[in-house]
Amino acid sequence: MFFIDCKMVDVLRGRRRLRVSVCKLPCPFCFLLLFAVGGLVLFVHLQDLSDMVIQQTPAGVKLRSASYSTKCAQFSESAGRVSQRSEVGDINPISPMQLPDFHGKHQSATPGSREHDLESQRVTKRHRKLLKTSPVVRAQTNSSSSPSYATAESSTGLYDIQESRRRIIREVCAKYRSNISRTITPHHVSRIYVEERHKLLYCEVPKAGCSNWKRVLMVLAGVANSTGKINDKAAHYDNHLKRLDSFDRQGIAKRLKTYTKVLFVREPLERLVSAFRDKFENPNFYYHPVFGKPIISKYRVNASKAALKTGSGVTFREFIHYLLDVHRPVGMDIHWEPVNQLCYPCHLHYDYIGKIENLKEEANMFLRKIRAPEHLMYPSVKARTSTQITQDYFSQLNASERQRTYDFFYMDYLMFNYSKPYKDLY
């Protein structure tokens, strides 16, 4: 019995031992197998439950789900169309160098200019390659500060061009001149001529059509009947026009607030070359002795006695050396002074900013808007200094001299939205 018990015990122990060994060795496989079986059962159960729900659900629910997908697809297509439309633009960006189209269409921008928004790409001194040009034009509403011709301009695109130019000046002033005093002194308005009949303030910019603008102002003021009968001497020295700084502070403030302020500008380097050619390459009883003699004396090696005596024959490079010298032997002159230091656009909010590149069209359109006499047109004149001539003069300079000259007029390039004239400039 003991043997049998023991055997049985052994057998039992063997079975127990065998059972234990069986449970221990394949334990991970058992759990995986159980998990797989449970998952299969759960899947079958849920599938049956889903079929039951679909069979018992009203058809509208299924259609709503489909319609939702359709709406999403339609929304995506619509978004794609909107995105594509925004890239093209509902309102075409207008370059400030662009002529206003009097038939309601915009002309192409001037070659070399780029569309650029100051709000999205801030110009910094270290990255001048980000020189801003015309931003996308936004729809504007008339305000009390806008001139009375705003509504008429909207139909031709001229108002959009003007608003773009004004906005660029505001943004440049806010970025670079935010710390200046906003107090307006007589010095700030010393270059502004007053025409009382049409309540007009014109800021004189030499070499940007100012002689003809003085002729136009004389006709508007009733001093002359026609611009064609006014010679240069009369236009500059016998025009009977008052300057704004001749009024008292109250008179200055009143006119700045209520009169239309106009300014015409020109590509800075082209304006500079035009001034040099006019004052130093032609006989001149003032600029040769006053500016030519000290320029030759300081910047010309082994200058002849005749050149030192007359001041004639100043070269363009000598003129540029004088311009860039912080210790100039003679002071500045309005003919090559930057426009932002002549007309102070950060202090005075001009209503109309024209460009000599489009002078005839923009000037005559402005005259129509201020209700000038129908016979009065801006005098036709052909510029003697072209872009090609300007490039010929600047080819006489090295890269450093061109860069420094561009730096000298840098704020004018920013404020009046002119593109860099040379690719190697930064």
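Predicted model: local features only at pLDDT ≥ 70, side-chain atom pairs only at ≥ 80, totals over all residues.
**Entry 1, disulfides.** I began with the cysteines and found that the structure holds two disulfides. For my own reference I noted that a disulfide is a covalent bond between the sulfur atoms of two cysteines.

I looked up the link between Cys-173 and Cys-346, where the S to S distance is 2.0 Å. This pair connects distant parts of the chain, since Cys-173 sits in helix α5 (residues 158–176) and Cys-346 lies in the loop between α12 (316–324) and β5 (352–355), 173 residues apart. I read -85 degrees about the S-S bond of Cys-173 and Cys-346, a left-handed link, and I noted that both Cys-173 and Cys-346 are buried.

I then turned to Cys-203 and Cys-343, which form a disulfide with their sulfur atoms 1.9 Å apart. Here too distant parts of the chain are linked, with Cys-203 in strand β2 (residues 200–203) and Cys-343 in the loop between α12 and β5, 140 residues apart. The torsion about the S-S bond of Cys-203 and Cys-343 is about -95 degrees, so I recorded this disulfide as left-handed. Cys-203 and Cys-343 are both buried.

Taking the bonded cysteines of the protein chain in sequence order, I wrote the pairing down as 1-4, 2-3. I also checked Cys-210, which counts as buried because its relative accessibility is 6%, against a cut-off of under 20%.

Is helix α13 enclosed or open? I found that eight of the 11 residues of α13 (residues 359–369) are buried, so the helix is largely enclosed by the rest of the structure. After α13 comes Arg-371, which has a positive phi, near 60 degrees.

I looked up the largest pocket and recorded a volume of about 1400 Å³. Its lining is made up of 46 residues, and those closest to the pocket centre are Lys-207, Ser-211, His-236, Asp-278 and Arg-384. Helix α13 from the previous entry returns here, as the elements that give two or more residues to the lining are α6 (210–220), α7 (232–237), α9 (268–280) and α13. Sorting the lining of the largest pocket by class, I wrote down 15 nonpolar, 12 polar and 19 charged residues.

Conventions: Residues numbered from 1 in each chain as written. Heavy atoms only, no water. Buried < 20%, exposed > 50% of the residue type's maximum accessible area, 1.4 Å probe, protein only. Helix = DSSP H or I, 4+ residues; strand = E, 2+ residues; numbered from the N terminus. Disulfide = S-S within 2.5 Å. 1 Å grid on protein atoms, 1.4 Å probe; cavity = no way out; pocket = protein on both sides within 12 Å on 5 of 7 lines; lining within 4 Å. Points joined across faces, edges and corners; volume = space filled by probe spheres on them. Nonpolar A, V, L, I, M, F, W, Y, C, P; charged D, E, K, R; others polar.
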